[in-house]
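This report describes one protein chain, part by part.

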Amino acid sequence: MNKECKKMKKLFAIVLSCLLIAGMFAGCGNTAAEETTAAAETTAAAAETTAAAETTGAAETEATEAAAAEFTTIEEGKLIMSTNAAFPPYEMVADDGSIEGIDVEIAGAIAEKLGLELVVEDMDFDAALLAVQEGKSDIIMAGVSVTEDRLMVMNFSDTYATGVQSVIVKEGSDVTMDNLADKMIGTQRGTTGYIYASDDYGDDHVTAYDNGASAVQALLNGQVDCVIIDNAPAQEFVAANPGLTLLDGSWVEEEYAIGLNKDNTALLEAVNAALAELTADGTVQAIIDSYISAE
């Protein structure tokens, strides 16, 4: 082999080596660039995820705070309920002087849902209705039925119980559902029993009393011929007073709801939301069943 050939081979080997080395460096450069780009993309994605999570958390917090601030009550942290505690088993005075009953327990469950302390104030039925209208109480629960007249002066929640108006008479009485118009009827003042009886039979056939117990006492004393009152308390009064009985059948059927001030629509929405949850999970029915048998 001559010198020229040897030089050419040597030169070719050097060029080939350079090309191989350049290719290696180029490959390394691409891999590093790709790794750097991937890392940057991962970091950016993580940052976006964190930012989104922080935004969602902040939005949820704001929503919760907004929900808590949606409604107001007369006294911060309290839900004041006006009632007439002479309507067993919906509200009545316990042996220790406290007020208990179906309405009290349902109101307590609603207050707990809203993060409030329930305060129960006992008064005449008419006064309890006025307390809500005048902004002296947040709600009224006293076996209150929804009527057109009441809807003009207050708001009402969704229904939570069905009420049946019954007629209490003395055993052996000649009073029937068909001759009530000829009799003297005792009712509790301001109730739908009083309103309907007055409308149907005239004011001169109806005597209103401060509470159901007074009306029943008037029946026992012979001052009235019968008493029209809701079935649940009617049964309580009959059980507690020998010689009294109930006429068969219902006089009127109606639904009970929670009364609220006309201007506090936010509280109405909050109460309805809480009531819906308590109805769905069976709490409301369990409270009612604990006081009224299924018979």
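## The five-strand sheet

Five strands make up an open sheet with mixed pairing, and their order is E5-E1-E6-E14-E7. Strand E5 (117-122) and strand E7 (154-156) are at the edges with a single partner strand each, so one side of each has no neighbour in the sheet. Strands here are DSSP runs of E with at least two residues, helices are runs of H or I with at least four residues, and both are numbered from the N terminus. Two strands count as paired if DSSP finds at least two bridges between them. Strands of a sheet pair through backbone hydrogen bonds, either parallel or antiparallel.

Strand E1 (residues 78-83) is parallel to E5, with six bridges between them. In this pairing Ile80 is opposite Val119 of E5. E1 also pairs in the parallel sense with strand E6 (residues 139-140), over two bridges, and Met81 is opposite Ile139 of E6. Five of the six residues of E1 are buried, and the strand is mostly covered. Buried means a relative accessible area under 20%, exposed means over 50%, and partly exposed lies in between (1.4 Å probe, protein chains only).

## Basis of the model

The model is predicted: local features need pLDDT of at least 70 and side-chain atom pairs count only at pLDDT 80 or more, while totals for chains, interfaces and linings use all residues. Residues are numbered from 1 along each chain as its sequence is written, and side-chain values use heavy atoms, with hydrogens and water left out.

## The chain as a whole

The protein chain contains nine helices and 14 strands. It has 295 residues, and 39% of them count as buried. Its accessible surface is about 16100 Å², with 54% belonging to carbon and sulfur atoms; accessible areas come from the Shrake-Rupley method with a 1.4 Å probe, and for residues only the protein chains shown count as cover.

A contact means heavy atoms within 4.5 Å. Of the contacts between residues at least 6 apart in sequence, 72% join residues at least 24 apart.

## The three-strand sheet

Another open sheet has three strands in the order E2-E3-E4, with antiparallel pairing. Its edge strands, strand E2 (86-87) and strand E4 (99-100), each pair on one side only. E2 and strand E3 (residues 91-93) run antiparallel and are joined by two bridges. Phe87 has Glu91 in E3 as its bridge partner.

In helix H5 (residues 192-201), the buried residues are Thr192, Gly193, Ala197, Ser198 and Tyr201. These buried residues pack against helix H4 (148-151) and five strands, including strand E8 (161-170), strand E9 (185-188) and strand E10 (206-209). Strand E11 (226-230) and strand E13 (252-256) are also among the elements they pack against. Just after H5, Gly202 has a positive phi of about 95°.

Helix H6 (residues 212-220) contains Gln217. Gln217 has a relative accessible area of 40%, so it counts as partly exposed. Between the C-alpha atoms of Gln217 and Val227 the distance is 9.8 Å, and the two residues are 10 apart in sequence.

## Cavity and pocket

Both kinds of space are found on a 1 Å grid over the protein atoms alone: in a cavity a 1.4 Å probe fits but cannot get out, whereas a pocket is an open set of points with protein on both sides within 12 Å along at least five of seven lines; lining residues have an atom within 4 Å of a point. Points are joined across faces, edges and corners, and a volume is the space filled by probe spheres set on them. There is one cavity of 30 Å³ or more. The largest cavity holds about 90 Å³ of space. Its lining has 13 residues, and Phe87, Phe125, Ala142, Gly143 and Thr191 lie nearest its centre.

The largest pocket has a volume of about 380 Å³. Of its 20 lining residues, Tyr90, Asn231, Ala232, Gln235 and Ile292 lie nearest its centre. E8, helix H7 (231-240) and helix H9 (283-291) are the elements that give two or more residues to this lining, and H7 gives the largest share, five residues.
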